[in-house]
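User: I would like to go through a structural model with you. Please keep to what can be computed from the atoms.

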Amino acid sequence: MNTAGTWKLLRMALRRDRILLPAWVLVFVAVAASSAAAVEGLYPSVQDRVSAAEAVNSTPALVAIYGPVYDVRSLGALAFFKLIVFGAALVGLLCALLVIRHSRADEELGRTELVASGAVGRHAPLMSAVLVGVIGALAIGVFTAATCAAAGLEASGCIAVGVVWAGGGLAFTGVGAVAAQLTAGARAARGIAVTVLVVAYVLRAVADVSDAGWMAWVSPLGWAQQVRPFAGDRFVLLVPLVVFAVVAVGAAMALQARRDLGSGLVAARPGPAEGRVGSAIGLAVRLHRATLAGWTVGVFLLGLLVGSLVTHLGGFFDSPRVREFIESMGGKGEVADAFVSTELGFAALAIGGYALSALSRMRAEESSGRIENVLTTGTGRVAWMAGHVVLTLVAAAWLTLVTGVGIGMAHAAQTGHGPDLGSDITAALVRVPAIWVVAGVGALLFGLGGRLTAYSWAVLVACVVVGEFGKVMNLPSWTADVSPYSHVPALPAVGFQPAPLVWLVVVAAALTAGGLFAFRRRDMAAG
Amino acid sequence: MTAVIEVSGLVKDFGSFRALDGLDLEVQQGEVHGFLGPNGAGKSTTIRILLGMLRGTSGSVRLLGGDPWRDATTLHKRLAYVPGDVNLWPQLSGGEVIDLLGRLRGGVDERRRDELVQRFGLDLTKKGRAYSKGNRQKVVLVAALASDVELLVLDEPTSGLDPLMAEVFREVVDEERDSGRSVLLSSHVLAEVEALCDRVSIIRDGRNVETGSLAELRHLTDTSVDATLRGEVPPLDGLPGVHGVHVEGRRVQLQVATAHLGDLLTRLGAAGIETLVSQPPTLEQLFLQHYDQPEDVRPEPAVGP
């Protein structure tokens with residue numbers, strides 16, 4: 001393995017990320033620290049904690065997404081139950097994206113070739129990208145552990161939280177490194193890494209709410225979760241996480257040694273000599289379709305999984321205490337509705353991510369100069385942008401529909417109850433206006449300036465933070481209202497209300513129109 | 001003759017950096033107009049303003065009788081553009097790109113397309129990612145040349161082509177001119193400019209330094225003369241346009257402004273000429289004279305196109 005020059009490349013990479021990386025570390029540390037600081041006020045007595053924790057553990061929707069509270073008496077376990085494995089997954093996502101950004105994305109743009117022609121070893125570019133991921137994971141882990149301990153929680157548990165997060169980051173640094181070797185395009189590599197992440201997350205979710213507990217052990221995120229901070233602190237599980245990361249990085253290095261610079265593992269196939277695409281919207285469809293197809297399959301499978309879990313919330317209905325709790329919630333049906341509603345809420349956040357990623361294609365078209373090929377043919381700016389935006393809005397609605405169909409089909413197949421399909425689909429579709437608002441923000445930012453497009457992700461992250469963690473962080477309640485998702489009637493758990501949906505559609509339309517208007521008036525970025 | 005491009009007093013600022021500083025440019029209908037200047041002079045910025053991608057800070061721009069910013073969509077139906085740095089969609093084949101761009105312009109002339117593909121020796125089935133720079137350029141060239149438009153805007157179109165393909169390009173542009181199309185050709189290949197262009201504009205630091213036919217430009221530069229006379233060399237220093245006089249016995253070497261060549265020859269002829277070598281300025285000298293940095297060298301901007 002030839003890694004000469006790694007340090008120089010690493011310095012350059014860290015310089016490029018001197019704002020981005022510290023900002024991310026800060027977001028993770030701030031969320032963890034404020035949760036740690038808020039918990040004592042929210043649950044002052046042991047009695048409060050036990051009843052809160054038992055309520056969580058009796059709610060399959062929460063357990064599926066965040067994992068159970070492993071020690072119902074522990075202050076730390078309750079403070080962090082939402083942040084353990086979910087946080088590890090987010091750190092993993094960040095690390096995988098960082099590695100791809102500094103390896104495959106640079107390679108695709110031809111920068112790596114420039115660097116590789118210097119006195120730099122064959123493996124140095126990938127190695128430096130991996131080190132960026134490792135540094136990110138360790139920084140988040142160390143700072144999180146330190147600030148939580150400073151907030152007054154038990155030190156060993158705080159270190160365990162740091163281990164869970166850093167471990168998730170390290171494992172997916174490896175996944176990102178492998179994904180970056182497989183495809184010639186960075187976008188496809190990101191898709192592979194995110195798919196692995198989602199599968200790993202789903203495996204542990206299924207393990208938590210069904211009888212298939214073994215599934216947690218085939219997922220790196222399962223290992224991270226099983227560290228169980230504040231409830232045993234099983235530090236030994238860091239070993240498989242690190243081994244997984246080392247093996248993955250080694251595999252990535254081996255794959256890289258077998259391929260040419262700039263190519264993926266699969267050789268490009270020739271295309272047709274004559275084209276059928278003949279319009280701007282046709283081109284947009286062509287550019288979006290592969291990703292959309294992947295997402296369609298993904299959300300359908302997730303929907304099927306959620307739908308089949310509804311009636312199989314295995315171990316949950318066994319203990320008398322849980323049964324009692326479920327009774328108090330209004331019976332089995334209500335619990336199932338809450339489960340579907342929560343999962344749909346998460347699907348809607350993910351589909352918001354799809355929408356932003358689809359809209360970011362416009363930025364890629366502009367900064368690569370490809371946009372000028374199209375705009376100098378008599379295609380108007382508004383027509384071009386509207387093509388991408390409308391396609392994105394329709395695709396977001398389509399993915400939401402497919403999620404609902406997936407849930408409903410599995411649900412109905414299990415209950416033998418036809419109407420479940422219809423009600424699950426309706427429950428899914430009410431989320432569409434909120435997703436459109438997120439997309440509208442993306443469209444507005446792109447219209448105002450191509451460089452601003454990246455900030456639309458901050459908006460989605462803010463929706464997750466205020467919507468999911470606002471309570472545990474003890475944020476003022478108005479902050480939740482900033483997120484469009486919090487205005488959606490949470491069908492099927494809550495009744496249908498048309499007014500908020502109309503408002504969301506109006507806001508989305510205004511944002512989109514603003515984006516189109518601004519785009520008509522600004523300079524194109526230099527090609 | 002009407003002008004297809006009329007630019008006057010065009011200014012474009014990027015933040016505090018002034019990319020264009022009162023530029024003038026006029027392209028007549030049916031001519032091939034060379035657009036020259038050192039790197040960073042503002043050629044691509046001018047072209048991108050002409051295409052409505054950027055909006056000029058001040059000054060007036062007319063393209064095919066319209067305003068390139070306001071009437072972009074309608075004007076673009078009547079022109080075709082080849083950027084200097086061609087980027088193609090990685091997942092689309094060359095054939096797909098040519099057909100897409102052609103249809104967006106309102107239709108592809110299949111026969112013309114096939115003819116151009118053959119002449120440029122282009123493999124249409126490769127995907128965008130797999131093409132070399134020259135081949136990417138050929139894809140967009142074929143798309144532009146196969147469309148039925150009045151004006152071709154070509155920004156360094158041959159910078160990646162091999163000499164054989166550059167020759168094909170010249171032939172094709174010649175044919176385009178013969179069929180009455182106007183061409184704005186930005187290029188650094190002097191032989192190409194000499195072979196193709198009716199008139200040229202040379203710009204530097206966002207301003208014109210020279211416009212005219214090559215013959216006119218030659219006229220403005222010096223011819224070097226090396227003569228051996230029958231008799232004594234007459235005093236020449238007083239003659240207009242003459243400088244760098246070097247006398248060695250009956251032999252004289254000097255530089256003369258081409259416009260004053262006649263006067264010089266009359267004077268030398270009176271003394272009786274034995275041998276005479278007169279060398280018109282090469283294109284290279286002509287351009288280097290204009291490209292050369294002036295006294296007040298402006299620093300390269302750190303940012304900007």
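User: Into which domains is chain B divided, and how far apart do the C-alpha centres of domain 1 and domain 2 of chain B lie?

Analyst: This is a predicted model, in which local features need pLDDT of at least 70, side-chain atom pairs count only at pLDDT 80 or more, and totals for chains, interfaces and linings use all residues. Residues are numbered from 1 along each chain as its sequence is written, while chains are lettered from A and ligands numbered from 1 in the order in which they are written. Chain B is divided into domain 1 (3–217) and domain 2 (222–280), with bounds from an automatic or database domain assignment. The C-alpha centres of these two domains of chain B are separated by 43 Å.

User: Which helix gives the largest share of the side of chain B that touches chain A?

Analyst: The contact (C-beta atoms, placed from the backbone, within 7 Å) takes 32 residues from chain B and 30 residues from chain A. On the side of chain B, α2 (72–76) and α3 (94–104) each supply at least two residues; helices are DSSP runs of H or I with at least four residues, and strands are E runs of at least two, numbered from the N terminus. The largest share, 7 residues, comes from α3(B).

User: What radius of gyration does chain A have?

Analyst: Chain A contains 23 helices and 0 strands, and its C-alpha trace spans about 70 × 55 × 40 Å along the principal axes. The radius of gyration is taken over C-alpha atoms, and the globule rule is 2.2 Å times the number of residues to the power 0.38. For 527 residues a compact globule would be near 24 Å, which agrees with the value for chain A, 23 Å.

User: Is L261(A) buried, partly exposed or exposed?

Analyst: L261(A) sits in the loop between α13 (238–257) and α14 (280–310) of chain A. Leaving out residues up to four places away in sequence, L261(A) touches E107(A), T112(A), E113(A) and A116(A). A residue is buried if 20 or more other C-beta atoms, placed from the backbone, lie within 10 Å of its own, exposed if 12 or fewer, and partly exposed in between. Because 13 other C-beta atoms lie within 10 Å, L261(A) is partly exposed.

User: Which residues touch the most other members of the largest nonpolar core?

Analyst: A nonpolar core is a set of buried Ala, Val, Leu, Ile, Met, Phe, Trp, Tyr and Cys residues joined through C-beta atoms within 7 Å. Beyond its neighbours within four places in sequence, A396(A) is in contact with residues including I351(A), Y354(A) and W436(A). Of the 245 residues in the largest core, those touching the most other members are A96(A), A396(A) and V142(B).

How values were computed: Contact = placed C-beta atoms within 7 Å.
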